[in-house]
Amino acid sequence: MTATAGIIIKNHECLVMGACTYPLGRTGDSTTAEAKACLQAVIFGEEMGFRDLVVEGDGLIVIKKLKLDSADRSVVGNIINEIQRKIFSFVNLSFEYTSRKTNETTHALEARVYNLTSSSYWIEEVPTEMEPTIVNDQRRLLNR
């Protein structure tokens with residue numbers, strides 16, 4: 001299975017601070033793909049200089065593993081443990097589960113570049129065709 005991570009960093013007002021697509025290469029299963037995508041999100045946030053980051057993902061297994069205090073010994077354990085080591089680079093780094101429906105923008109970004117061979121980055125913007133989806137996310141957030 002070849003996978004691509006779509007990562008969007010938004011502030012508390014749902015404004016885009018940065019976005020990227022990152023090829024994950026061949027992954028054995030969806031849990032591994034979700035764990036690798038989560039790692040890339042943390043790395044991207046770290047590289048952008050953010051010190052307070054909430055990573056949202058729709059991979060419930062990965063999010064649950066990241067919330068545990070113990071070392072993970074599963075097939076994705078090395079990735080989970082690497083993400084947990086990065087916690088010390090942040091003042092606050094937390095992980096939250098979000099349903100696939102509320103994670104629509106990220107999946108649309110991933111679908112845009114399914115067979116990606118190199119990373120793409122956007123600072124304070126997203127690809128033009130993604131803007132309507134971002135606006136929908138902002139409306140959903142404001143109507144909570």
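**Chat notes on a predicted model**

Q: What share of the 144 residues is buried?
A: Buried residues make up 47% of the 144 residues in the protein. Keep in mind that this is a predicted model.

Q: How many helices and strands are there?
A: There are 5 helices and 5 strands.

Q: What about overall size, say the radius of gyration?
A: The protein has 15 Å, which agrees with the value near 15 Å that a compact globule of 144 residues would have. Along the principal axes, the C-alpha trace spans about 40 × 35 × 25 Å.

Q: How much of the contact set comes from residues 24 or more positions apart?
A: Such residues account for 70% of the contacts with a separation of 6 or more.

Q: Switching to aromatics. How many aromatic pairs does a search of the whole structure find?
A: The search finds 1 aromatic pair. F44 and Y121 form that pair, with 5.6 Å centre to centre and 45° between the planes, and it counts as tilted.

Q: Where do the two partners sit in the chain?
A: F44 is in helix 1 and Y121 is in strand 5, residues 120-123. They are 77 residues apart, so the pair links distant parts of the chain.

Q: Is F44 buried or exposed?
A: F44 is buried, because its relative accessible area is 4% and the cut-off for buried is under 20%.

Q: And Y121, what is its relative accessible area?
A: Y121 has 43%, so Y121 is classed as partly exposed.

Q: Where is I9, and what does I9 touch?
A: I9 lies in strand 1, residues 2-10. Leaving aside residues up to four places away in sequence, I9 touches L15, V16, M17, G18, F44, G45 and F50. I9 is buried, at a relative accessible area of 7%.

Q: Now helix 3. Which of its residues are buried?
A: In helix 3, residues 77-85, the buried ones are G77, I79, I80, N81, I83 and Q84.

Q: What covers them?
A: The cover includes helix 1 (30-47), helix 2 (60-67) and strand 4 (92-97).

How values were computed: Residues numbered from 1 in each chain as written. Predicted model: local features only at pLDDT ≥ 70, side-chain atom pairs only at ≥ 80, totals over all residues. Heavy atoms only, no water. Buried < 20%, exposed > 50% of the residue type's maximum accessible area, 1.4 Å probe, protein only. Helix = DSSP H or I, 4+ residues; strand = E, 2+ residues; numbered from the N terminus. Contact = heavy atoms within 4.5 Å. Phe/Tyr/Trp six-rings, centres within 6.5 Å; stacked < 30°, edge-to-face > 60°. Rg over C-alpha atoms; globule rule 2.2 N^0.38 Å.
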